[in-house]
Amino acid sequence: MLNITLLGTGGGMPIPNKFLSSALLRYQSRKILIDCGEGTQVAMRVNNTGFKSLDIICLTHGHGDHIFGLPGLLSTMANSGRSTPVTIIGPLGIKDKLEGLISAIGFLTFEIEILESPKADLFIQLKPQGLVVTEHTVGNSQTSDIILSTLNLDHATPCIAYSMYIPRAPKFHLERALAKDIPKIYWKRLQKGETVKDGNNIYLPKMVLGKARPGIKFSYVTDTRPIEAIPDFIHKSDLFICEGTYSNDEDIEKAINYKHMIFSETANLARLGKVKELWITHFSPSIEDPKIHINNVVDIFPDTRIGIDGLSKTLAYPNSNDSED
Ligand SMILES: [Zn+2]
Ligand SMILES: [Zn+2]
């Protein structure tokens, strides 16, 4: 299961009752943060998220409304007793951008690893110390808890989108394991897709596993024009969070100039990507009440929520495949 909370929905600057766009993901008891503008740690406090178990921070790009909250948040995490490393992921140039911000903090109780512009999918594993990111998979992707993909977007500065996929192991057939006398100590590894060798015996996952089952997909796209690669990248997401900086079609020129999107463009991406649900975020401070513009979206993509701070949802595996082989 993956729980997602929109910590904020504003773009540009934090204003009363609207924090800057960011999202907090909870997986098991650990957390991933996407973007960290000014005030994000206050939004985390409002939502009672805690700080200590935040293992990964994904930054879309280096504009202030997405990173200026980072030094404060990292300091608070240190004050909360964090000692294990934190991984920060971001686009090309993010290391230079963060250098000054992080050095301003002074002493930290934990190490920071910065992964700049990942060239391939990243694999996230839940370990006793928290969520750990690896650039190359050990074994195969089925041993990962979360597969994280990025996509280069079209903004005024290097900017990346994120998608996370939580694979679901095929159904484990206990009766087959018992019939083949496979020792119980190997069951877990077989379920994870590993082949196990024990003396002369070789146990293959297919001996005990059913068909592949779909996992959970979540995607987050902000600060970009609607480029052609996005629908593929977000394809069939259970939840797609996307920017809609401007609400009306008349603002298209502004959107093009500042490399953002209008609501109807956002809705169109959701439709092309065949996602299950769309949440719109990153509203221009000039939009007083984003939800009154819902009609600009629902004709194109009905399953849309206009984001509000604190909006939260838990994505779970569908039940429909449980009985299948
Ligand atoms: Zn922004
Ligand atoms: Zn930006």
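Biologist: Is Asn-48 buried or exposed?

Modeller: This is a predicted model, in which local features need pLDDT of at least 70 and side-chain atom pairs count only at pLDDT 80 or more, while totals for chains, interfaces and linings use all residues. Residues are numbered from 1 along each chain as its sequence is written, and chains are lettered from A and ligands numbered from 1 in the order in which they are written. A residue is buried with 20 or more other C-beta atoms (placed from the backbone) within 10 Å of its own, exposed with 12 or fewer, and partly exposed in between. Asn-48 has 6 other C-beta atoms within 10 Å, and therefore it is exposed.

Biologist: Where is Asn-48 found?

Modeller: The phi of Asn-48 is near 50°, a positive value in a residue other than glycine. Helices (H or I, at least four residues) and strands (E, at least two) are DSSP runs, numbered from the N terminus. Asn-48 has its place in the loop between helix H1 (40-46) and S4.

Biologist: How many C-beta neighbours does Gln-28 have inside 10 Å?

Modeller: Gln-28 lies in the loop between strand S2 (22-27) and strand S3 (30-34). Although Gln-28 is not a glycine, its phi is positive, at about 50°. Gln-28 counts as exposed because its number of C-beta neighbours inside 10 Å is 12.

Biologist: Which residue of S6 is the bridge partner of Ile-88?

Modeller: Five of the five residues of strand S5 (residues 86-90) are buried, with Val-86, Ile-88 and Gly-90 on one side and Thr-87 and Ile-89 on the other. Two strands pair if DSSP finds at least two bridges between them; strand S4 (residues 54-58) pairs with S5 in the parallel sense over three bridges, and Ile-57 has Ile-88 as its bridge partner there. S5 also pairs in the parallel sense with strand S6 (residues 112-116), over five bridges. In S6, the partner of Ile-88 is Ile-114.

Biologist: Which strands stand at the edges of the open sheet of eight strands?

Modeller: The order of this sheet is S8-S7-S9-S10-S13-S14-S15-S16, and its pairing is mixed. Two strands each have a single partner strand, so one side of each is left without a neighbour in the sheet. These edge strands are S8 (130-134) and S16 (304-306).

Biologist: Which residue of S15 stands opposite Ile-241?

Modeller: Strand S14 (residues 239-243) and strand S15 (residues 278-281) pair in the parallel sense over four bridges. Within S15, the residue opposite Ile-241 is Trp-279.

Biologist: Is Leu-272 buried or partly exposed?

Modeller: Leu-272 has its place in helix H9. The C-alpha atoms of Leu-272 and Phe-123 are separated by 27 Å, and the two residues are 149 residues apart along the chain. Since 16 other C-beta atoms lie within 10 Å, Leu-272 is partly exposed.

Biologist: How far apart are the C-alpha centres of domain 1 and domain 2?

Modeller: The domain bounds come from an automatic or database assignment. Domain 1 covers 2-168 + 214-315, and domain 2 covers 174-205. Their C-alpha centres are separated by 39 Å.
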